[in-house]
Amino acid sequence: MDKKSLIREKNLNFFYENLRKYLDDPNLINKYLVIHDIKIIKSFSSFAEALKYSEGRLPENEFIIQQVIDEEENVNFLCSVER
Amino acid sequence: MKYSLLIGPDRGPENLKSRGLNLKVKVSTSSARVTQASRPRKSIEVWALFDTGASHTYLSEKIANFLDLNVLGGSKVSTAYNQMDSKKYAVDFLFFNSALKPFENYEVWSFLPHKYEIKTSLNSPEDYKNYGVLIGRDIMSFWNICWDGPTSTVIISD
């Protein structure tokens, strides 16, 4: 795994390890979290706001933006993908 | 009815059924990346297929690589056949031949495997089967979409 994938993986693991806790927090549910260096930097109401905050301010490929949602509740079938 | 995009009357009654609902989009590096991270804007014109089975909008990973996009997150996605790892990116969308408002700094997810080819988009731009984007319910939720099956017509307004 290259360095940027490793950093992303660490930030993603941090997010998913704590997701249950975030889902119970009324201040975080449905918010977009900017995560860098295994820490929440800031939360936003929209993906675009989170992106505009992060681009140019945080090192490229070293931050992620994840929404606090219960992904299992989403119906996601992508019926066209493999035809 | 005031509409932003009309699809279909020239296609014949069977076309909407056989071709699916698709439209051409221009996918570009996100405006935030261009203006704030001083990256060059790259873009490509591709066919996008509407997919009500998708909660989000998906982009072929080949396009993400072609545009040199940053990976901004990840998730597992269920398809009709299996579960796959998907990467998150940000792009701008422009909808051709329409008055639909463009989307800037928009969240999309990658999908593979897929038959999509970059070179087909560049060399045979009218090949609608070579779709590189799946428009999911997230984008559809911004629009009024009227599907008239018997006349093979779709009217979209925003």
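**Core.** I looked up the largest nonpolar core in this predicted model and found that it has 47 residues. The residues with the most contacts inside this core are Val27(B), Leu59(B), Val91(B) and Val133(B).

I then took Val91(B) and listed its contacts, leaving aside neighbours within four places in sequence. Val27(B) and Leu59(B) are on that list, along with Leu69(B), Tyr106(B) and Val108(B). Two serines, Ser28(B) and Ser30(B), are also in contact with Val91(B).

**Lys26(B).** Next I checked Lys26(B), which sits in strand β2 of chain B, residues 22–29.

With neighbours within four places in sequence left aside, Lys26(B) is in contact with Ser43(B), Glu45(B), Leu94(B) and Phe96(B). I also read off one C-alpha separation: Lys26(B) to Trp47(B) is 8.7 Å, for a pair 21 residues apart along the chain.

**Confidence.** The mean is 88, and 88% of the residues of chain B reach 70 or more. Where in chain B is confidence lowest? The lowest mean, 76, belongs to strand β1(B), residues 5–7. The highest, 96, belongs to helix α5(B), residues 137–140. For the model as a whole I noted ipTM 0.86 and pTM 0.89.

**Strand β1(A).** I moved to chain A and counted burial along β1(A), residues 32–36. Of its 5 residues, 4 are buried, so I recorded the strand as largely enclosed by the rest of the structure.

Which way does β1(A) run relative to β2(A)? The two are antiparallel, and 5 bridges join β1(A) to β2(A), residues 39–44. In this pairing I found Leu33(A) opposite Ser43(A). The hairpin of β1(A) and β2(A) has 2 residues between the strands, and Asp37(A) takes a positive phi there, near 55°.

β1(A) is also joined to β3(A), residues 63–67, by 5 bridges, again antiparallel. On that side I noted His36(A), whose bridge partner in β3(A) is Phe63(A).

**Helix α2(A).** Last, I listed the buried residues of α2(A), residues 47–54. They are Phe47(A), Ala50(A), Leu51(A), Lys52(A) and Ser54(A). After the helix comes Gly56(A), where I read a positive phi near 85°.

Methods. Residues numbered from 1 in each chain as written. Chains lettered and ligands numbered in written order. Predicted model: local features only at pLDDT ≥ 70, side-chain atom pairs only at ≥ 80, totals over all residues. Buried ≥ 20, exposed ≤ 12 C-beta atoms within 10 Å, placed from the backbone. Pairing = 2+ DSSP bridges. Core = buried A, V, L, I, M, F, W, Y, C linked by C-beta atoms within 7 Å. Contact = placed C-beta atoms within 7 Å. pLDDT = per-residue confidence, 0-100.
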